[in-house]
Amino acid sequence: MRMRPSTLIAILGPAALLGLLLAVSFGSGAVGPREVLALLDGSADDTIRQVVLELRLPRALAAFGTGAALALAGALMQVLLRNPLADPYILGTSGGAAAFTLAAMLAGASGMFVDAAALAGALASTLLVFALARRGQWTPERLLLTGVVVAAGWSALVSLLLAVAPERNLRGALFWLMGDFAFADDARACLLIAAAGTIGCFALGRALNVLAAGDQQAALLGLPVRGMRIGIYFLTAILTAAAVTTAGTVGFVGLVVPHLVRLLAGADHRIVVPGAALAGGTLLVLADMVARTVLAPRQLPVGAITALVGVPLFLFLLERSQRATI
Amino acid sequence: MAASLDTFELGISAGARLLVSDLSLSLPAGSLVAMLGQNGVGKTLTLHALAGLRAPASGEVRIGGTDIRRLGLRERARRLGLLLQQQDDPFPTTALETALMGRHAHLGIWQWETGEDQALARTALAAMGLAGMEGRFCATLSGGERRRVGIAALLVQDPGIWLLDEPLNHLDPCHQLLVLETLSQLAASGRTVIASLHDPVLAMRHFHSALLLHGDGRWQFGPVATLLDAATLAALYGVDFAAYQGPGGTVMLPAPRAGSRTPALTAGGPGR
């Protein structure tokens, strides 16, 4: 049964806040929920303040921004390719961004240049998949095969880069490739990009609905299809690059979250876009909290957690949506 | 919204093959045209060229006297609509949401559909015999139901020029009649309607004129009553036609072929 869009947002909004509150309340140190409550009523000391506000909160916000960016990128790619199985991780966009980023870092680049490399990698990868799968129509099979092969290619390139990388960087690089927030200390850029993307796509939600009906149908309904496609193509690349530079390659958020929102509240993008951004952000905040705490003080890569949750969840959703269409 | 449709020396080709050559038609508002021809003669491509979806090999299309290439996309969508031959639904979109998409060109970029738009969509679905099915996912509809949702979306779009690519596909006789009556009403109200179909009987009964495409560049256009005789239909379809008299007048049906055999089915099949 379908949920009303307002109901879904009324659930997801508070859930996002609750997720952030939980994420700052739990961690490897001695600071727990009680100390966070003390911080809220102003009776906490500086150590607590530092742990919560300077360590956990930026990391939780980075996780939220990354999750929102990935879920939005997934939803947009699914419209672009008219395929509910599209996702920046599966189609190699994340892999392209990761390979370019790693190459830039090994070449000694830093700061802006690394971000630019991530964006270039994401754009190059999307373009490659589109160009290769374009022949005739974007059939789901052809597209997925192309994406999977391109992703495998990036993965091979990453292995080569790791083989020549200095040994002391290997563990950090491996974690980053699996998705990791250990180095995510500045959430602002990613949050800003995710927020701007969500607001823009929400405002253009009706146009996204029309585009999802197919290129010819959209053109007949008065949509400038070409311009819209190019805009979405750039936006997905920017969102993916923002996520990858923040947390490496985190899989399954872009695939599972939009799917889940569509199943709950329907395919109108004026609910899919904000719903996916909120749910994706919350999911990644909680996944990162689990990654930090379950084997504390040891930290796990968050990408492993999202995959462990995402794979069975996706199979379940696929099975359910199949039954729903009969 | 009444509108005329004119073509000037329109050429339609697929790759190196010229399918339609020098098509010059002048259809005043209220025209009701059936497009007939064998599979693959360019009916769909011609409709797409008329709609501006595909650039013709040569010539131009004018609606209400204006070259369609000069019209903005939204303006074109308000004045001209096309029912595509196939529609697929990869996402869980409902019948109501699909019908509502017809309002897209009438609304501003940031605007949401109002209750009035919703009412228009519900009325259109009801007019296509789909009342009570507004909340159904399009992917769960039967072929004929999905076809009628597409026509309902066109009713919501409300253009002056109606192009329909095989609108009767998948429809049962009752709903074929419903769609044909709707097209007649649209033409009577000044809209220009062109629909491709494969039934000369329905073309004769429900349309004013016919456009016949032969697939080698040749085309014929004229009133159904005079154009669709046995000899013309035989030349068009490559099969003999015979006239039968019935209570509704004369109908043209393919004549049984003498000694006709389908080799694959008769060569030593079961029961022989």
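Guide: Let's start with A:Pro14, which is exposed because its C-beta has 11 other C-beta atoms within 10 Å (12 or fewer count as exposed, 20 or more as buried and anything in between as partly exposed, with C-beta atoms placed from the backbone). Before we go on, this is a predicted model, in which local features need pLDDT of at least 70 and side-chain atom pairs count only at pLDDT 80 or more, while totals for chains, interfaces and linings use all residues. Residues are numbered from 1 along each chain as its sequence is written, with chains lettered from A and ligands numbered from 1 in the order in which they are written.

A:Pro14 sits in helix α1 of chain A, residues 5-25 (helices are DSSP H or I runs of at least four residues and strands are E runs of at least two, numbered from the N terminus). Its C-alpha is 16 Å from that of A:Ile271, a residue 257 positions away along the chain.

Now for the packing. Helix α3(A), residues 46-80, meets helix α12(A), residues 253-265, at about 70°, and their axes are 7 Å apart (axes are lines fitted to C-alpha atoms over the stretch in contact, with angles from 0 to 180 degrees between N-to-C directions). The two helices are therefore roughly perpendicular (65 to 115 degrees; under 35 is roughly parallel, over 145 roughly antiparallel and the rest oblique). From α3(A), the contact uses A:Gly67, A:Leu70, A:Ala71, A:Ala73, A:Gly74, A:Ala75 and A:Gln78, and from α12(A) it uses A:Val253, A:Gly254, A:Leu255, A:Val257 and A:Pro258 (contact means C-beta atoms within 7 Å). Eight of these residues are nonpolar, four are polar and none is charged (Ala, Val, Leu, Ile, Met, Phe, Trp, Tyr, Cys and Pro are nonpolar; Asp, Glu, Lys and Arg are charged; the others, Gly among them, are polar).

Elsewhere in chain A, α8(A), residues 188-203, and α11(A), residues 225-247, cross at roughly 155°, their axes coming within 9 Å. That angle makes the pair roughly antiparallel. Here α8(A) brings A:Ala189, A:Cys190, A:Ile193, A:Ala194 and A:Gly197, while α11(A) answers with A:Leu235, A:Ile238, A:Leu239, A:Ala242, A:Ala243 and A:Thr246. By class, this contact has nine nonpolar residues, two polar and no charged.

The loop that joins α3(A) to α4(A), residues 93-106, holds A:Arg82. This arginine is buried, since 20 other C-beta atoms lie within 10 Å. Its phi is near 50°, a positive value in a residue that is not glycine. Most residues other than glycine have a negative phi. B:Asp158 lies in the loop between α5(B), residues 143-157, and β7(B), residues 161-165, and is partly exposed, with 19 other C-beta atoms within 10 Å.

Definitions and conventions. Contact = placed C-beta atoms within 7 Å.
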